Amino acid sequence: MPKQAVISGNMAAAYAAKYARVDVIAAYPITPQTTAIEYLSQWVASGELDAEFVPAESEHSAMTICIAASASGARTFTATASQGLALMHEMLYIASGLRTPVVMMIGNRSLSSPLSIWNDHQDSMAERDAGWIQMYAENVQETFDMGLMCYRVGEDSRVMLPAMFCIDGFFLTHTYQNVVLPDQEQVDEFLPPYSPKYRLDPSNPIAMGTVGDPRWYMEFAKQKVEAMEAARGVVEEAHRDFEKIFGRRYDPFIERFHCNDADYIFITMGSVSGTFRHVVRELRKEGASVGLVRIRTFRPFPYEELREAISGAKVVGIVDRSISFGAMKSCGPLFLEVRAALYEQEKKPKTVNLILGIGGRDTTPSMVRECFKKLESVDERREFDVFWIGLRE
Amino acid sequence: MSIKLSELPAEDYFLPGHRACAGCGAAIAIRLILKVAGPNTIVASATGCIEVISSLYPENAWGVPWIHTAFENAAATASGVEAAYKVLRRKGKISHDKVNFLAIAGDGGTADIGIQALSGMAERGHNVKYICYDNEAYMNTGIQRSSSTPYGAWTTTSPPGKAIPIGKREVKKDVARIMVAHGIPYVATASIGYPLDLMRKVKTALEIEGPAYIHVHTPCPTGWRFESNKTIEVARLAVQTGMWVLYEVKQGRLRITYKLSKLKPVEEYLRTQGRFSHLTDDDIAKIQEDVRKRFEEFVEGYRQLGVSVEA
């Protein structure tokens, strides 16, 4: 029988790896990811989980070990955050280039300097072009579910790409919520054993990670693109199967809340979505025409779903928890992507960029109300604005 | 344990057709090493000469499974393969009883950028045999100094000039000694000038459970500036002059595997190579003195690391 448990986001991520029957875990501790790998090492030590736990001497090696283990036919898991993810950067492109479906939990955290252990999305957004599937969870249940989803999508023979599920540092990594943990048999049904077509095997020698000179490099890159594009259909298929087996339904790419008739729509990702949903509900009661879109799958980017959801709105407020320094008005990367998605549309809403919660600053309901005022005050003739919400005077 | 020429398999697993320079010492080393390791072997290569010359898609020179990920992480790559095989074997998902896991990296990929991953692999005790082919500079990028470049050598980033006439001012980093300090079961130095000694050491390393480190001196005609038919001669002179000492530390016991009663003058080695052509007689005298001192204190130095010495 599925059982109820009150667990943290980190534990949910660890449970996802455990229920996936992970073979090799390689990790290096970093706040706020640490307890996730502590749980896994405890389960391996107690014999509750039959896996190799490799305590790597750096995140760079942790990712390397996962890639090499995956290339050998093992299901792998790692978790990191912030500087650790930045240190892995080189290996992230290699993971997707070698088509090794490593799964990684990110406990989203700011990048130094100044040093901050607190939450924003700068770390994972900096890796958005690395060829990884990227999903962002809002709560602890979704953290667990996304962990399983990452294995299912990444390991699909039509995809074979690494996948990261991102959960907000402390807001999710350290928050305890009531979740349903499934039966192992349900997970086994959802997630077949990992059996890649090619692996390092002396009975059938292959070379992985060769030099690709200008005669070939582009074709390798294009194959990666095709895999990422194929992932769109696989993400949908996996969510349909997920609902059938576990009875929980998610919109694969974007969650819509009061969007159909809304003049004003917020677009969010991650745990801040709950605060926005709360305020949208209040504003609705007050008669405001407002809705919310929460992006769950960021890579591949759901541009078609977004167009469909927001084209009818007057103004869309895109919430960024990270910054693309030097982009148009140094806006956030999510803003850029949404604007690009709207470019082909004949009828398109005005857009506003709302940068908030940088370096762990709290986002309160009153700040969300302030965001709504910004949306309401958009002038039809004015160019877009980038507002920093919650900044010191 | 010894190894006889007649026992060596005719088969090669580092295959002809690769793109190494004529007379490449590293290619000789890898061919010999894989002959000993045989077909039940998986190789993890660091970025560098051996990787680039052997793996230009769609061709490759490897007769065994081979993986390259990046420059600084051959040890971590091999660690990952080894960990996967361990657990997959335990879970009954693969049936191979004995697979050799080799990590292969140059001196830059070992002594400089890869030393952290190497240290991690050794400390965690992975059953990986790490081979450093030491051509004493970044040869793949065009002869830049590494921490394994010897004192006084010209490279493109340690050029002798008016202000710095010596070339490389620093002494060669002793990675084998660093690995001995890790307390792993087997550490050896080797040279392509002494192939049977090299191959015996590879065999020994493969037979011992746990991490092993073999540091192979592999002269590079292109970077050291000597004729490509002199590679073996230069390699032997390095040993015979005491510039490169052949030894092994097996389970904490040191054995010098090529004993010299008398050292040849270092000048005989240095003068074979254009990279030392700027050295003055005084410079050579200093190098000679350093070699003599190191040779005399060699055994005592290892005693200080807690290693016992075989007669």
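This is a predicted model: local features need pLDDT of at least 70, side-chain atom pairs count only at pLDDT 80 or more; totals for chains, interfaces and linings use all residues.
Visitor: What makes S7(B) and S8(B) a pair of strands?

Guide: The two run antiparallel and are joined by four bridges. Strands here are DSSP runs of E with at least two residues, helices are runs of H or I with at least four, and both are numbered from the N terminus. Two strands pair if DSSP finds at least two bridges between them, so the four bridges of S7(B) and S8(B) pass.

Residues are numbered from 1 along each chain as its sequence is written, chains are lettered from A and ligands numbered from 1 in the order in which they are written, and side-chain values use heavy atoms, with hydrogens and water left out.

Visitor: Which strand does S5(B) join, and by how many bridges?

Guide: S5(B), residues 186-191, is joined to S7(B), residues 247-250, by three bridges, and the two run antiparallel. Val187(B) has Val249(B) as its bridge partner there.

Visitor: Why are some strands said to stand at the edges of the sheet?

Guide: First, the sheet itself: it is open, with 10 strands in the order S9(A)-S2(B)-S1(B)-S3(B)-S4(B)-S6(B)-S5(B)-S7(B)-S8(B)-S9(B), and the pairing is mixed. S9 of chain A and S9 (308-309) of chain B each have a single partner strand, so each has one side without a neighbour in the sheet. At one end, S8(B) (residues 253-256) and S9(B) pair in the parallel sense over two bridges, with Arg253(B) opposite Ser308(B). At the other, S9(A) (residues 207-208) and S2(B) also pair in the parallel sense over two bridges, and Met208(A) stands opposite Ile67(B).

Visitor: How do you know which residues belong to the contact of chain B and chain A?

Guide: Contact means heavy atoms within 4.5 Å. The contact takes 43 residues from chain B and 43 from chain A. About 3200 Å² is buried between them, with carbon and sulfur atoms giving 62%. That buried area is the accessible area (1.4 Å probe) that two parts lose on being put together, summed over both.

Visitor: What makes the link between Arg124(B) and Glu57(A) a salt bridge?

Guide: The rule asks for a side-chain nitrogen of Lys or Arg within 4 Å of a carboxyl oxygen of Asp or Glu. Arg124(B) and Glu57(A) come to 2.8 Å, N to O, so they qualify. The count between chain B and chain A is six salt bridges. On the chain B side, the elements that give two or more residues are S1 (41-45), H2 (49-54), S2 (66-68), H3 (74-90) and H5 (115-124). H3(B) gives the most, with 12 residues.

Visitor: Where are the domains of chain A, and how do you know their bounds?

Guide: Domain 1 is 3-246 and domain 2 is 254-388. The bounds come from an automatic or database domain assignment. Their centres, taken over C-alpha atoms, are 28 Å apart. In contact are 28 residues of domain 1 of chain A and 32 of domain 2 of chain A, and about 2300 Å² is buried, 49% of it on carbon and sulfur atoms. Arg128(A), Glu138(A) and Arg232(A) supply 27% of the area that domain 1 of chain A buries against domain 2 of chain A, more than any other three residues.

Visitor: How many salt bridges cross this domain interface?

Guide: The rule finds six salt bridges across the interface of domain 1 of chain A and domain 2 of chain A. Arg294(A) and Glu138(A) form a salt bridge, with their closest N and O atoms at 3.0 Å.
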